[in-house]
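Subject: Structure handover

Hello,

Here is the structure you asked about. My notes follow below it.

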Amino acid sequence: MLSSFICSLFFLTQFRLPFSLSQYCLTKFLCCGSSRNSNHIIKMAMWVFGYGSLIWKAGFNYDDRLVGFIKDYRRVFYQGSTDHRGTPEYPGRTVTLEPAPGEVCWGAAYKISKEEDKEAAITYLEVREKQYDKKAYVDLFTDPLATTPAISGVMVYIASPDKKLNPNYLGPASIEDIAKQIVRAEGPSGPNREYLFQLEKALLQIGELLFTTL
């Protein structure tokens, strides 16, 4: 059983998509008209980028969902979870973002336009992501060949390595040690292994979607 966890972890830490995909395929099948809106509408809307459980479970009302990637970050299983996928006595491991020049991180961005939906989403996310101590505003790309982002100012929650601000940060470990921890951990939101396999499934679906549009 442990070997399947190790394989999934290796996949998730090495997940890449080829940069030969055409702009036509990505914009036609993924943008759903989002980036074609006027600049005024884009500025008025709030965008939230998910790279972990938000990819498959938003938990708030949104107007559009856009698959894409952010640059110069990579996804890592360095954040301890004591409120969702683990306990204070035995933390689980969830993903955070680590600065990595030249890398990209794929995920899903959600567009929220209505003021009441924005307020509700922020209230919800501040509780759900309370162990993530940092918010960043990033550029979202949908075309790997583009130099101009599809959306700018996309909000993303990050668990930083600053132990004073983020006491649950666990940091690097071998894939084998991370797998052993995930196998054992379970919290109010369910087993840590469920989180791992759901994330793997979500990223595989992104990859399949991109390839089938070629």
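Let me start with a salt bridge. Lys 135 pairs with Glu 126, and their closest N and O atoms are 3.2 Å apart. Both partners are partly exposed: Lys 135 has 38% relative accessibility, and Glu 126 has a relative accessible area of 37%. Please keep in mind that this is a predicted model.

How many salt bridges does the structure hold? The count is 5. Two more of them are worth a look.

One joins Arg 74 and Glu 98, with 2.7 Å between the closest N and O atoms. Arg 74 sits in strand β2 (residues 64-81) and Glu 98 in strand β3, so this pair ties together parts that are 24 residues apart in sequence. Arg 74 counts as partly exposed, at 32% relative accessibility. Glu 98 is also partly exposed, at 24%.

The other is between Glu 129 and Arg 128, at 3.6 Å from N to O. Here both residues are buried.

**The pocket**

The largest pocket has a volume of about 460 Å³. Its lining consists of 23 residues. Which of them lie nearest the centre? They are Ser 53, His 84, Arg 128, Glu 129 and Tyr 195. The elements that give two or more residues to the lining are β1 (46-50), β3 (92-112), α4 and β5 (151-158). By class, the lining has 10 nonpolar, 8 polar and 5 charged residues.

**A buried charge**

Asp 117 belongs to helix α4, which covers residues 115-128. Beyond its neighbours within four places in sequence, Asp 117 is in contact with Asn 61 and Ile 112.

**The chain as a whole**

There are 6 helices and 7 strands in the chain. Read from the N terminus, the order of elements is α-α-α-β-β-β-α-β-β-α-β-β-α. The chain has 214 residues, and buried residues make up 50% of them.

Asp 72 is partly exposed, with a relative accessible area of 41%.

Lys 71 is in strand β2 too. With a relative accessible area of 34%, Lys 71 is partly exposed. What does Lys 71 touch, leaving aside its neighbours within four places in sequence? Its contacts are Glu 103, Val 104, Phe 141 and Ala 146. Take Phe 141. Lys 71 and Phe 141 are 70 residues apart in sequence, but their C-alpha atoms are 8.1 Å apart in space.

**Strand β3: Thr 96**

Is Thr 96 buried or exposed? Thr 96 counts as buried, at 1% relative accessibility. Its place is in strand β3. Leaving aside neighbours within four places in sequence, Thr 96 is in contact with Tyr 51, Arg 74, Arg 75, Val 76, Tyr 78, Gln 79, Tyr 132, Ile 158 and Ala 159. One of these, Arg 74, is the salt-bridge partner of Glu 98. Thr 96 and Pro 161 are 65 residues apart along the chain, and their C-alpha atoms are separated by 9.7 Å.

**To recap**

Best wishes

Methods:
Residues numbered from 1 in each chain as written. Predicted model: local features only at pLDDT ≥ 70, side-chain atom pairs only at ≥ 80, totals over all residues. Heavy atoms only, no water. Helix = DSSP H or I, 4+ residues; strand = E, 2+ residues; numbered from the N terminus. Contact = heavy atoms within 4.5 Å. 1 Å grid on protein atoms, 1.4 Å probe; cavity = no way out; pocket = protein on both sides within 12 Å on 5 of 7 lines; lining within 4 Å. Points joined across faces, edges and corners; volume = space filled by probe spheres on them. Nonpolar A, V, L, I, M, F, W, Y, C, P; charged D, E, K, R; others polar. Salt bridge = Lys/Arg side-chain N within 4 Å of Asp/Glu carboxyl O. Buried < 20%, exposed > 50% of the residue type's maximum accessible area, 1.4 Å probe, protein only.
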